[in-house]
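Hello,

Here is the structure I promised to pass on. Please read it alongside the notes below.

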Amino acid sequence: MESNSVTAFIGMYSLSSAKNDEQYNSLLSSCDCLLLYYLHIVLDISVLSNYVHLQKLELSNNRITDLSCVSHMPFLVILDVSHNEISDFFGFDPPKNLKEVNFSYNILTQMKDMSAYEALVKLELDHNRLKRIHGLEKCCKLTYLSVAHNTITSICSLDDVPLKDLNLDNNNRGNHLTSTEGLENLKRIHTLDLSVNRISSLAGLNNLHLLGSINLERNQKYLLFLIQHLTLLDQEKVTIEEKVLSINKYDPPLDVVAARDHMTQLMYQLMQPQHLYDTTLPSADAPYPMLVLTGPQGCGKREMAHRLCEDFEDFFAYGSVHTTREPYFGEVNGSDYHFVSEEEFELLGAFLQTVQYGGHKYGLSRDAIEDVAREGLACCVQMELEGVLSLKKSIFEPRYILLIPTIAENYKAMLRSRNLYTDAQIEAALSRIELYDNFNRERPGFFNNVIRCGTPNPELFRREPFSHHNLISISFLIMVALFIGDKQPHQAPAGITPLSDRRPGSGIKPVLPPIPPERKTPQVGSPLPSLSRRHRRHVQASTQG
Ligand SMILES: Nc1ncnc2c1ncn2[C@@H]1O[C@H](COP(=O)(O)OP(=O)(O)OP(=O)(O)O)[C@@H](O)[C@H]1O
């Protein structure tokens with residue numbers, strides 16, 4: 001069916017009033033083209049189900065989430081739903097003649113089998129979160145496909161698709177497109193955009209005889225990263241700066257990661273309305289007391305932090321971090337983490353520090369610490385090394401305790417027994433033992449204390465990660481670190497000043513804020529009475545003084 005010239009441009013017209021407006025409704029139901037741009041509202045477009053004659057529907061720049069009304073538009077040829085909030089890939093029954101679809105700038109994560117959409121000629125999927133290209137094998141008319149700015153790592157079943165133009169620009173965000181595997185049989189391809197990826201081999205592309213244009217811009221940086229001893233590239237001298245840039249891009253040192261994170265958080269803070277914080281403001285004589293447990297994933301620091309907050313509930317409370325990962329079985333929202341979506345995480349803006357770990361985001365907010373401080377308690381958090389590095393740049397001056405597994409095999413067995421991690425994740429966690437070890441050796445004083453967790457028997461460790469005995473000694477170390485002050489476990493070699501000593505206000509004994517009278521004192525028979533008493537005496541002395 002060819003499009004005639006009846007077009008409605010609604011602009012700011014509200015669709016909810018269209019539901020009750022008969023005149024308007026009859027006009028719309030007879031038109032074949034509808035443009036609804038830039039309403040920027042959460043749009044319920046179910047009313048469009050009545051407009052069965054539509055051939056062209058443009059709904060870009062709204063906040064649409066549901067496209068099921070398209071199922072009622074059998075004549076639709078062109079659909080533009082770019083810049084919306086759609087997560088369901090082609091979430092409607094296929095209009096028989098649907099030729100052009102633009103899904104760019106949405107939140108698609110997965111493609112699906114597209115055999116029912118045989119008429120498709122052009123498909124735009126830029127700026128989504130797709131990881132795989134698949135499901136297109138029956139699209140025997142598809143000549144244009146654009147999947148730029150996603151996180152594509154694999155391309156399947158394009159062999160029978162008559163693509164002429166394929167855009168895979170910038171699939172280098174988190175995941176990486178490293179080869180041209182899956183493109184070898186695109187016999188009709190004319191133009192291929194592979195810029196800003198990590199392509200290191202073009203194997204198979206030499207058989208694509210119609211390929212006239214290929215864009216490999218900004219893959220060189222990856223080549224420099226892969227072959228760091230290169231001195232000439234494309235007949236040009238490779239400079240040291242280029243090499244450093246390539247390393248900072250593809251395998252940045254942790255300091256660089258932390259510096260970037262800190263800079264980003266500062267920028268966010270400047271852009272956000274300023275809060276006035278009263279309880280954790282830095283003060284010359286008594287910085288807000290805070291404890292950070294760090295170490296590789298699953299080393300037990302989270303259990304340790306929770307145990308510590310339970311057993312010393314008059315002194316510590318756990319600072320819950322925000323994360324985009326799904327909760328594990330039994331995890332409690334608001335206690336273990338604040339579990340939020342990617343969008344919510346972005347909307348929160350400024351954190352004290354953030355980290356990307358295992359494909360998920362984690363961020364410690366100032367509010368999380370303030371919530372604890374307002375109760376008159378010291379805040380206890382746990383995090384990976386990147387977080388520590390970033391936090392060290394903030395105005396806070398926590399004490400840092402490193403928990404490090406000593407027997408790699410046992411640690412590995414323990415991670416396995418959790419049934420939560422893939423082999424790759426376990427290997428990544430294992431490789432970080434060395435990272436932490438090196439850090440501790442090379443930067444004396446970086447951690448205030450180091451606790452080596454033996455994990456002699458993984459089964460036992462799983463059941464009771466911190467035995468009474470362990471807890472006493474660990475807690476004692478922590479108390480020493482927090483309240484006896486800056487005694488370093490290692491003496492810095494001559495000429496090297498521990499980093500923490502250079503921080504403003506360091507060298508001063510931190511004290512806990514006074515305990516509110518309504519909070520109960522530790523019960524008789526609590527696991528560590530002597531430590532609690534010692535602690536209380538210290539707090540009393542310091543508050544009286
Ligand atoms: N704000 C943060 N900054 C840095 N690292 C963080 C932050 N929050 C959490 N992490 C770390 O990210 C890693 C992954 O967190 P996750 O909660 O998924 O770990 P886990 O599998 O439950 O193991 P663990 O027992 O170490 O918590 C952990 O090592 C955790 O300490």
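β15 pairs with strand β22 (residues 399-405) in the parallel sense, over four bridges. Strands here are DSSP runs of E, at least two residues long, numbered from the N terminus; helices are runs of H or I of at least four residues. Two strands pair if DSSP finds at least two bridges between them. Within this pair, T294 stands opposite L402 in β22.

This is a predicted model: local features need pLDDT of at least 70, side-chain atom pairs count only at pLDDT 80 or more, and totals for chains, interfaces and linings use all residues. Numbering starts from 1 along each chain as its sequence is written.

On its other pairing, β15 (residues 290-294) runs parallel to β21 over five bridges. T294 stands opposite M383 there, and L293 has Q382 as its bridge partner.

Five of the five residues of β15 are buried, so the strand is largely enclosed by the rest of the structure. Buried means 20 or more other C-beta atoms within 10 Å of the residue's own, with C-beta atoms placed from the backbone; exposed means 12 or fewer, and partly exposed lies in between. M290, V292 and T294 point one way, L291 and L293 the other. In a regular strand the side chains alternate between the two faces of the sheet.

The whole sheet is open, with five strands in the order β16-β21-β15-β22-β23 and parallel pairing. β16 (316-318) and β23 (449-453) stand at the edges with a single partner strand each, so one side of each has no neighbour in the sheet.

Now the ligand. Its shell holds 18 residues, and the closest are R302, V355, Y362, M383 and G387. A residue counts as near if its C-beta atom, placed from the backbone, lies within 6 Å. α6 (301-311), β19 (353-357), β20 (360-364), β21 (378-383) and α9 (385-391) each supply at least two shell residues.

Two of those suppliers, β19 and β20, pair in the antiparallel sense over five bridges. T354 has G363 in β20 as its bridge partner. Their hairpin has two residues between the strands, and G358 takes a positive phi near 55°.

Last, the cores: sets of buried Ala, Val, Leu, Ile, Met, Phe, Trp, Tyr and Cys residues joined through C-beta atoms within 7 Å. The largest has 47 residues, with L76, L142 and L163 making the most contacts inside it. A second, separate core of 46 residues includes C309, A368, C380 and V388.

Best wishes
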